[in-house]
Number of protein chains: 2
Amino acid sequence: MANGDSISIEVQDAKAAAKLEKVPMLAHPKNENKGWKKGIAITDFVLRLGALAAALGAAATMGMSDETLPFFTQFFQFEASYDDMPAFMFFVIAMALVGGYLVLSLPFSIVTIVRPHAVGPRLLLIITDTLALTLSASSGASATAIVYLAHNGNASANWLAVCDQFTDFCQGVSGAVVSSFVSVALLVILVILSACALRRN
Amino acid sequence: MANGDSISIEVQDAKAAAKLEKVPMLAHPKNENKGWKKGIAITDFVLRLGALAAALGAAATMGMSDETLPFFTQFFQFEASYDDMPAFMFFVIAMALVGGYLVLSLPFSIVTIVRPHAVGPRLLLIITDTLALTLSASSGASATAIVYLAHNGNASANWLAVCDQFTDFCQGVSGAVVSSFVSVALLVILVILSACALRRN
């Protein structure tokens, strides 16, 4: 393992230096560095739990949002559900995927707490977090575009606002979108934290 | 600067080790490491140029997409333009911002080529790249949701497809969306490359 090599070289150097003179400053920054990295790893774990809750909350809220209007004609009942809109279905699937990924990433986050200097798990986390961030931002943004249209309509394309009728549905969907943005913000912070922690080994 | 300290310690160690014995293996991995980092930095620069072209292309294509139908009534002329849709306006603004950011980031990318071991510029690039990625993915996805709706319409909400009339407009808009996804993919690769390059210093 290449990492092991560099460590053994460092030990050799330390020994060589110790033969010449006492160098207490060599040990001190290493410990301080470790505490700082452990702090980042614990923050990472806590934020990951927050992002997990936000993602699963968004998926559940969107998945359970449906409304049936209290009046109907002989042939037709007015009903709105998330599976009427492809963007909302993509939102539910993507948010459930991000939530599942965040659950699976928790053990790796714990590994970085136990071993603050391990590079492998952190690198894996930053790569997968970036992909989860992209998925999460895309699904949140596409659902937002549709929610905006449902609230306001569009005069040029002659698309009417449907939120006047389906008030509860629109409220549930808007809440899910807000929750997805919380998860996006937390994932951005997670990526930046991991980058800072990777900085010095 | 803390980084400078650690470098000076390393030089001291190397001197101390050199006094005791010849250690050619100390010099070799360092050089190899530097070449590897330089390769990543050059790839970063090239991909950054690609992402820049894709982002500016997307903004320009969307910004110039408008179509006026060849028939009109006495009071109304049928015209479609990107500023009819808030999602498309957000797309143009966000893509222009990402393009502008990518131009400004080129000097920092050149700094990482010249100094492959500099941590500061790389850390700055990974943080700002993550933000640009989020912005780019959001604007691309929201425009995609509207483009899909323009192509297919939605029976549940009674929104009709408008691409039957505005064929050229829809083609231009779809091209812009595809171009934005190219820029998103390149930004994801840029973030992952930067993370790999930060790994060992």
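Predicted model: local features only at pLDDT ≥ 70, side-chain atom pairs only at ≥ 80, totals over all residues.
Residues are numbered from 1 along each chain as its sequence is written, chains are lettered from A and ligands numbered from 1 in the order in which they are written, and side-chain values use heavy atoms, with hydrogens and water left out.

Other cysteines do pair up. Over all chains there are two disulfides, a disulfide being a pair of cysteine sulfur atoms within 2.5 Å. In general terms, such a link is a covalent bond between the sulfur atoms of two cysteines. In chain A, the bond runs from A:C163 to A:C170, with 1.8 Å from S to S. The torsion about that S-S bond is -85°, and the link of A:C163 and A:C170 is left-handed. Both ends are tucked away: A:C163 is buried at a relative accessible area of 8%, and A:C170 is buried at 6%. (Buried here means under 20% relative accessible area, exposed means over 50%, and partly exposed is in between, with a 1.4 Å probe and protein chains only.) Chain B has its own link, B:C163 to B:C170, also with S to S at 1.8 Å. Its torsion of about -85° is why the disulfide of B:C163 and B:C170 is left-handed, and B:C163 and B:C170 are both buried.

On to the aromatics. The structure has three aromatic pairs over all chains; rings of Phe, Tyr and Trp (its six-membered ring) pair if their centres lie within 6.5 Å, with planes under 30 degrees apart counted as stacked, over 60 as edge-to-face and the rest as tilted. Helices (H or I, at least four residues) and strands (E, at least two) are DSSP runs, numbered from the N terminus. A:W159 is buried, with a relative accessible area of 1%, and B:W159 is buried at 1% too.

The loop between α4 and α5 of chain A also holds A:N158. Phi of A:N158 is near 60°, a positive value in a residue other than glycine, and A:N158 counts as exposed at 59% relative accessibility. In chain B, B:N158 is in the loop between α4 and α5, has a positive phi of about 60° although it is not a glycine, and is exposed at 58%. Just after α4(B), B:G153 takes a positive phi as well, of about 70°. As for α4(B) itself, its 33 residues should span 48 Å at 1.5 Å a residue, and the end C-alpha atoms are 48 Å apart, which agrees. (The expected span is 1.5 Å times one less than the number of residues.)

On a 1 Å grid over the protein atoms alone, a cavity is a set of points where a 1.4 Å probe fits but cannot get out, and a pocket is an open set with protein on both sides within 12 Å along at least five of seven lines; lining residues have an atom within 4 Å of a point. Grid points are joined across faces, edges and corners, and a volume is the space filled by probe spheres set on the points. The largest cavity has about 130 Å³ of space. It is lined by 13 residues, and the closest to its centre are A:A80, A:M85, A:V162, A:F169 and B:A157. Strand β2 (residues 77-81) of chain A gives the most to this lining, with three residues.

The second largest pocket has a volume of about 600 Å³. Of its 31 lining residues, the closest to the centre are A:A155, A:S156, A:A157, A:N158 and B:V162. β2(B) gives the most to the lining of this pocket, with five residues.
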